[in-house]
Amino acid sequence: MFHPIHVSTTNVEYNKQDGKLEVICTIFTDDFEAALAKQYHAKTDLSKAEMHAAMDALVKSYLEQNLHIKTGDNASKLNYLGFEINREATDIYLESEKTASPKKVAVEVSLLHNLFDDQINIVHITVNGVRKSEKLDYPDKKIEQVF
């Protein structure tokens with residue numbers, strides 16, 4: 001499937017109950033498979049159940065390289081929870097270690113930058129019910145929001 005637009009969304013939400021940042025990245029599956037194949041020189045198929053474990057390893061590694069979040073001045077360690085196919089997109093789930101309610105959140109995202117020079121990454125950050133969004137046009141990859 002061809003899309004004229006190359007876009008991903010990264011949704012970062014602070015969960016007050018468990019004191020963690022919850023992160024969901026949504027990427028068109030065909031683009032994501034192509035980016036993974038290019039990065040790791042591997043056959044990729046995110047929808048095949050028998051390849052799920054192998055794809056998990058690639059997805060986790062790719063996100064570790066292309067998504068970084070800081071709260072205040074501290075890098076947030078993101079724990080990879082998994083991915084699932086949602087129609088033509090793939091949702092990838094991560095969460096941070098416990099952290100105090102952040103006053104400042106910085107996100108560096110370079111998803112699919114290894115594939116497209118017209119990539120757009122949209123980042124939504126929500127802290128205590130306040131949502132701030134920003135669009136990053138390639139090659140931009142950094143945003144910072146203060147709450």
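Contact here means heavy atoms within 4.5 Å. Axes are lines fitted to C-alpha atoms, for helices over the stretch in contact, and angles run from 0 to 180 degrees between N-to-C directions. Helices (H or I, at least four residues) and strands (E, at least two) are DSSP runs, numbered from the N terminus. By these criteria, helix α2 lies across β2, β5 and β6 and runs at about 125° to β5.

The model is a predicted one, in which local features need pLDDT of at least 70 and side-chain atom pairs count only at pLDDT 80 or more, while totals for chains, interfaces and linings use all residues. Residues are numbered from 1 along each chain as its sequence is written, and side-chain values use heavy atoms, with hydrogens and water left out.

The sheet is open and has six strands in the order β5-β6-β2-β1-β8-β9, with mixed pairing (two strands pair if DSSP finds at least two bridges between them). Its edge strands, β5 (78–86) and β9 (130–137), each pair on one side only. On average, neighbouring strands are turned by 15° against each other, direction ignored.

Strand β1 (residues 7–15) is joined to antiparallel β2 (residues 20–28) by eight bridges, and T10 stands opposite C25 in β2. With β8, by contrast, β1 runs parallel, and seven bridges join the two; here E13 stands opposite T126 in β8.

Eight bridges link β8 to β9 in an antiparallel arrangement, with H124 opposite S133 in β9. The hairpin of β8 and β9 has two residues between the strands, and N128 takes a positive phi near 50° in it.

Helix α1 also packs on the sheet, touching β2, β5 and β6 (89–96), and its direction makes about 95° with that of β2.

The two helices also meet each other. The axes of α1 (residues 29–40) and α2 (residues 52–66) come within 11 Å and cross at roughly 85°. That makes α1 roughly perpendicular to α2 (65 to 115 degrees; under 35 is roughly parallel, over 145 roughly antiparallel and the rest oblique). F32, A35, L36, Q39 and Y40 of α1 make the contact with L58, V59, S61, Y62, L63 and Q65 of α2. These residues divide into eight nonpolar, three polar and no charged (Ala, Val, Leu, Ile, Met, Phe, Trp, Tyr, Cys and Pro count as nonpolar, Asp, Glu, Lys and Arg as charged, and the others, Gly among them, as polar).
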